[in-house]
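User: I have a structure open and have not looked at it before. Can you walk me through how the chains meet?
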There are 2 protein chains.
Amino acid sequence: MLTARLEATATGAQFASTSEHEDLPYAHFKISDSEDLSDASITGGASDVLRTPSTPTYGSPEDVGKAIEELREALPGKNRIQTNPDTLQAHGSSPNSYHPSFAHSVVVMAHSTEDVVKVVNISRKYRIPIVVSGGATSLEGHFSGFPSGSICIDMSAMNHILEINESDGDLRCQSGAKWEDINDTLKEKGIPLFFPLDPGPGATIGGMIGTGCSGTNAVRYGTAKAEWFLNVTVVLPSGKVIKTRRRARKSSAGFDTTKLFIGAEGTLGIVTEATLRLAPRVPTKVAMAQFPNVEKAVSAVQQILNTPYGPHIQCVELLDDHMMAAINAAGMVDAPYPVQDTLFFKLQGSPESIRETSNVVQEIVQSHGSTRFEFAATEEEADEMWQNRKYASQRQFSWRDIALFSTISTHPGAKCWTTDVCVPVSRLPQLVYETKEDLAKAGLKSTIVGHVGDGNFHALILFKDEEELQSVSAAVHRLVHRAIEMDGTCTGEHGVGVGKTEYLVDELGEDTVELMKTIKNAIDPLNLFNPGKVCDFCS
Amino acid sequence: MLTARLEATATGAQFASTSEHEDLPYAHFKISDSEDLSDASITGGASDVLRTPSTPTYGSPEDVGKAIEELREALPGKNRIQTNPDTLQAHGSSPNSYHPSFAHSVVVMAHSTEDVVKVVNISRKYRIPIVVSGGATSLEGHFSGFPSGSICIDMSAMNHILEINESDGDLRCQSGAKWEDINDTLKEKGIPLFFPLDPGPGATIGGMIGTGCSGTNAVRYGTAKAEWFLNVTVVLPSGKVIKTRRRARKSSAGFDTTKLFIGAEGTLGIVTEATLRLAPRVPTKVAMAQFPNVEKAVSAVQQILNTPYGPHIQCVELLDDHMMAAINAAGMVDAPYPVQDTLFFKLQGSPESIRETSNVVQEIVQSHGSTRFEFAATEEEADEMWQNRKYASQRQFSWRDIALFSTISTHPGAKCWTTDVCVPVSRLPQLVYETKEDLAKAGLKSTIVGHVGDGNFHALILFKDEEELQSVSAAVHRLVHRAIEMDGTCTGEHGVGVGKTEYLVDELGEDTVELMKTIKNAIDPLNLFNPGKVCDFCS
């Protein structure tokens, strides 16, 4: 594991013996003096990202041991409590990111909301931080362990669909269910509905709620922060279980507590079930248009989305010239594409609506200098064309595929750092232009894939060694500041995790972050739920 | 003013002299003994709804006087500080509802965010509750004054559009701006975009945020809890001003603090500006279908919405037989409609999409027993047909119009209590059936108008005197419990105010309401922001 941005020794987490706090009321906990952490289960070195300067007192290694014993008693059965070092390491780190990470002390396989309550109560008794693992697709280190020890709840066995109400267009499932499995099930059952949030393959409902995800469909259907989650069942840090809403599509009955947990990255509660709103499946077709530069591509998109045909645009994805070269190099297409900035569209509607929309798109892209427009006339052509866009999703890359960036990196062992930012759509061309120039100046090989309809893009930056990784990290830092200066955000859909914590104050201002801390401290005063993620709630 | 559900004397609010708390830190405030309230500015008698059992200490009448003096100094200028009894009374009550209400102690005309900060700081210094007034269209008593005295901030002068970004499809305005004015301005400027939330006429952006509103367009565009508010500027109870987001369409950067204020009814912060996302204006046409009963009408809607043509349904509104009779009696149509349960549809899309959708709608409604289907072929026909639906909005009624319910009430001075609930769409027919039966049994004249695509309906119940008002109040209580038992909510879009506070625990459970209290107490520990609304945060 690469350990860029890590320091040599762990600091910050503080211990207290269990006997002192076992019967304390559920309230703010006193801070004790700092102690040495050398015995704690740290695998990746310490990190200023995971350090909590005025941290609450967490359980000692002895407490961790007692908690594990108690977990074994509370959740008997084969493989429910795992302490194999490889498992602890794997659950605390991600194959997709290079942020500092720590192994957990124990991994617990949850089978029910009641299991989660038991774990939360034990975690609170011994003051052991608790981190939830879902589909493990996070790119920002959301499920890293905590330096002084942490319990990881693995939700992968809680993947059941519990109820489908076709006529009401909703579905209830456990939070470990994957969005692709849900859509496959609906299709198999002949139900003409689907769940439109489509982040990376393998993402679970719980993780999608935690990061406030979106995906390619967001331009038409919005994000996780829209109204796709009608109700969530949540285990709070107090061990209490709440449902945030009933099953009606709309409600104005009090604070929107559902939204409190969407984007909170497991720092306020653990979502165990969710009621999802579904949308009718609408036929789609795919088109592509190529442009002399990103500016012309983006201005075409802006104009298209503001026409009455805008609602027929389900997705509009930008692949830059580097990515088109990679697709050509991968030999996925019969005839290589011209190496140009390219838009892939997914149009939705009846055949007649799609035909009309396609005409409007063609006319507008041509008026913005598009050099080539293709419309997939058949299902097969559409599948093949969209496959090219999907190829550009970083989560589709295997290490073998990465080597296929032959035009931009000839190093066979190249790795890829993925980051995302989002800006008002009109600022996107300038941001892309400046970023590409900056990356080239830094000697880094990169490509850009964007949900351009929302002003959101992913930069995929290659590196081959520790030195280049440092250079990537610095370039990402500059990219984020550039986005914030353009009235944008440090992350459009990947979340904060540990990777973007340092940008929150710059983006939102001290008082907005202070408000987040006020909420966090009120709901989780012991800072046990995923500490160190989103922001340093104890500073 | 009618004062049903009010008791004879005020109780509950408690005083402390200013000198005791003037320099206290911003933190939980001690509770003093109860004092007599007979001197306070109470106009409507006391109410158990506005009483806060273990209430914080609020300013005495003397403190209220000092606060008003300080407000005059802080906001000099003509008519900025109003204490005329009629004004105080009018700002504390609503022409549209019959909940208990209290006059304010003072009304302040705000012109800027800075003005609001000044008022909030003075309110906090003297412990005087603060209530915001927007378009005054609330149906649940949101802007009632507080028994021990309250400052009302009138936002009606903060109604400016500050910035329109056509290419990004967003707009920034002050929170006193009305949604209809915003849409008129966009139209006048030739901008092909609109803001799709359409609650009652006269509603302001601030009020729409506060109640988590929706309207007829919600079936296609969702509610205020979707993603139409990109960023809000909020004055917190601490006097701090925050912006919740930047201008990017999407962000996963931390907690969704925008949503914290949507539906919070001014209890957590005062919204002074908002950045709205706009949608392209899409051509529409209107159709209507009549049915032998509500069950058949609703099952038709469910089927239509689940087809690929569902996204072309912008609105689908149910008017029951009583309302159709009222429309006939109003003489608004050349030939009277058959007196049957009726759906009005607004279809959107290109002419060809609308034609296709209309065919699908016609086919489905006929298969569900529709006895009559009409499609407005021309703009004029569409306008006339939709006008009939709009007539059914209670806010369109003048007292003269109400008398036109000639088939259901011959009393010339009849008044109308409006309430709303929302249930899963499949439960709607049973709810409507049982409600109509219950109202008839109680001898009450009523009609039902529903946003049936969302399972949300308004019951408009007529009464002519205090005795009938008591009977209406009891019937609304039964209606709400019926909705909650059907997995629904006590309010789909009108909000809680004082009218629905008693149902929150039944609907959401004690622990969910407790979570709301935790948040409220953390952000507004002195309970100065609109106390008594949403729920009794001090109990």
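Analyst: What follows covers the interface, the symmetry and some salt bridges of this predicted model.

User: How many residues does each chain put into the contact?
Analyst: Chain A gives 96 residues and chain B gives 96 residues.

User: And what area is buried between chain A and chain B?
Analyst: About 7400 Å², with carbon and sulfur atoms giving 56% of that area. On the chain A side, A:Arg246, A:Lys250 and A:Phe255 supply 13% of the area that the chain buries against chain B, more than any other three residues.

User: How many polar contacts are there between the two chains?
Analyst: There are 45 residue pairs in polar contact between chain A and chain B.

User: Which elements of chain A touch chain B?
Analyst: Those giving two or more residues include helix H7 (218–221), strand E11 (241–243), helix H9 (294–305) and helix H17 (510–523) of chain A. H17(A) gives the most, with 9 residues.

User: Switching topic. How does chain A superpose on chain B?
Analyst: A rotation of 180° with 0.0 Å of shift along its axis does it, at an RMSD of 0.0 Å. The two copies are therefore related as by a two-fold rotation axis. The same surface serves both copies, since 100% of the contact residues of chain A recur in chain B.

User: Which residue of chain A comes closest to the axis?
Analyst: A:Ala226 does, with its C-alpha at 2.0 Å from the rotation axis.

User: Now the charges. How many salt bridges cross the interface?
Analyst: The rule finds 8 salt bridges across the interface of chain A and chain B. Over all chains, the whole structure has 46.

User: What does B:Lys250 pair with?
Analyst: B:Lys250 forms a salt bridge with A:Glu493, and their closest N and O atoms are 3.0 Å apart. B:Lys250 lies in the loop between strand E11 (241–243) and helix H8 (257–261) of chain B, while A:Glu493 lies in the loop between H15 and H16 of chain A, so the pair joins two chains.

User: Are those two buried or exposed?
Analyst: B:Lys250 is buried, with a relative accessible area of 2%. A:Glu493 also counts as buried, at 9% relative accessibility; the cut-off for buried is under 20%.

User: And what about A:Lys250?
Analyst: A:Lys250 forms a salt bridge with B:Glu493, again with the closest N and O atoms 3.0 Å apart.

User: Which residues are linked in a network of salt bridges?
Analyst: A:Asp168, A:Asp170, A:Arg246, A:Arg247 and B:Asp487 are linked in one.

User: What about a bridge within one chain? Where does A:Lys500 go?
Analyst: A:Lys500 forms a salt bridge with A:Glu140, the closest N and O atoms being 3.6 Å apart. The pair links distant parts of the chain, 360 residues apart: A:Lys500 is in the loop between helix H15 (466–485) and H16 of chain A, and A:Glu140 is in the loop between strand E5 (130–133) and strand E6 (151–154) of chain A. Both A:Lys500 and A:Glu140 are buried.

User: What does B:Asp320 pair with?
Analyst: B:Asp320 forms a salt bridge with B:Lys436, with the closest N and O atoms 2.9 Å apart. B:Asp320 lies in the loop between strand E15 (313–319) and helix H10 (321–329) of chain B and B:Lys436 in helix H14 (residues 428–441) of chain B, so the pair ties together parts that are 116 residues apart in sequence. Both B:Asp320 and B:Lys436 are buried.

Definitions and conventions
Residues are numbered from 1 along each chain as its sequence is written. Chains are lettered from A and ligands numbered from 1 in the order in which they are written. This is a predicted model: local features need pLDDT of at least 70, side-chain atom pairs count only at pLDDT 80 or more; totals for chains, interfaces and linings use all residues. Side-chain values use heavy atoms; hydrogens and water are left out. Contact means heavy atoms within 4.5 Å. Buried area is the accessible area (1.4 Å probe) that two parts lose on being put together, summed over both. A salt bridge is a side-chain nitrogen of Lys or Arg within 4 Å of a carboxyl oxygen of Asp or Glu. A polar contact is a pair of N or O atoms within 3.5 Å; within protein, one must be able to donate a hydrogen and the other to accept it, and residues adjacent in sequence count only if both atoms are side-chain atoms. Helices (H or I, at least four residues) and strands (E, at least two) are DSSP runs, numbered from the N terminus. Copies are superposed by least squares on the C-alpha atoms of residues with pLDDT of at least 70 in both. Buried means under 20% relative accessible area, exposed over 50%, partly exposed in between (1.4 Å probe, protein chains only).
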